[in-house]
Every structure is written in C-alpha cells, then in structure tokens.
Amino acid sequence: FLFSCQNISNEDIYGKYSPISYKNTYDTLTINKDGVYNRVIYNIKGKKVLNYNSKYKLEGNTIKFNDFYLNFDKDLIAFPEDVNDTDMTYTTFFEKKDKNIVLCFGYHDGENCYKKIIE
C-alpha cells in the first residue's frame with residue numbers, strides 16, 4: 001500500500017475548476033477564500049442551467065461542500081430536472097497530478113475529476 005502526502009497550500013486551492021473530460025455539460029466550480037464556492041453549469045447547447053453559491057469547509061487537502069450538485073455529465077437537455085438535486089453534502093480531497101491541482105467526485109478512483117484552470 002503506497003500513500004503519498006501531498007502538500008497543497010490553501011492559496012493553491014483557491015480558484016476555478018472545470019471537469020477534465022465532460023462532453024454533455026460545461027461546469028465551473030470556483031472556490032473562494034471566504035468559505036463560499038460558486039457553481040455554474042451550462043448544457044451542451046451553452047444554456048446556463050445552474051448558478052448558485054454555497055459554503056464549504058477546508059481541512060488540509062480535504063474539502064466538504066454544502067448543497068452540492070453531483071454532476072455526472074448527464075444530458076441536461078434530456079434531463080433538465082437533474083440540476084434541482086443540490087441538497088447533498090459532499091467531501092473530497094485535492095491532489096496534484098502532473099503539476100495540476102485536481103479533485104474528483106466519483107464512486108471510482110479517477111472518475112468525474114475537475115482540474116484547476118489557470119487564468
């Protein structure tokens with residue numbers, strides 16, 4: 001069992017993230033320094049279908065999101081009601097992969113991963 005402890009500072013964590021390989025949605029998750037995150041999701045036709053702010057709690061490289069929408073890149077034109085499901089809490093962690101800061105939201109390792117956008 002190999003475990004590596006990656007030191008990622010809070011300053012490195014703050015910023016905007018987007019899914020690495022989504023095809024049906026364009027999703028941004030912005031983590032602000034004030035304990036609030038913003039989520040904006042567009043469907044495949046570029047229509048904004050979700051835009052909200054909520055709180056998060058950061059402990060080391062672990063982040064706990066309140067009122068989280070778990071986007072599995074569903075077709076939001078066929079299933080527009082899916083974006084109404086934002087009442088869950090979700091905890092995940094940050095890691096470095098090839099000099100990128102990444103966090104994943106899936107049931108399996110490496111699934112539904114978001115990468116920090118360097119602006």
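How many residues lie between β1 and β2 in the hairpin they form? There are 5 residues between them. This is a predicted model, in which local features need pLDDT of at least 70, side-chain atom pairs count only at pLDDT 80 or more, and totals for chains, interfaces and linings use all residues. Residues are numbered from 1 along each chain as its sequence is written, and side-chain values use heavy atoms, with hydrogens and water left out.

**Strands**

Helices (H or I, at least four residues) and strands (E, at least two) are DSSP runs, numbered from the N terminus. Two strands pair if DSSP finds at least two bridges between them.

- Strand β1 (residues 15–19) pairs with β2 in the antiparallel sense over 3 bridges, and K16 stands opposite T30 in β2.
- β2 also pairs with strand β3 (residues 36–43), in the antiparallel sense over 7 bridges; here I31 stands opposite Y37 in β3.
- The hairpin of β2 and β3 has 4 residues between the strands, and G35 in the turn has a positive phi of about 85 degrees.
- Strand β2 (residues 25–31) is largely enclosed by the rest of the structure, because 6 of its 7 residues are buried (under 20% relative accessible area; exposed is over 50%, partly exposed in between; 1.4 Å probe, protein chains only).

**Disulfide**

- C104 and C113 are joined by a disulfide with an S to S distance of 1.9 Å (the term covers a pair of cysteine sulfur atoms within 2.5 Å).
- The link of C104 and C113 is right-handed, with 100 degrees about the S-S bond.
- C104 counts as buried at 13% relative accessibility, and C113 counts as buried at 8%.

**T86**

- T86 lies in the loop between β5 (62–68) and β6 (88–97) and is partly exposed at 22% relative accessibility.
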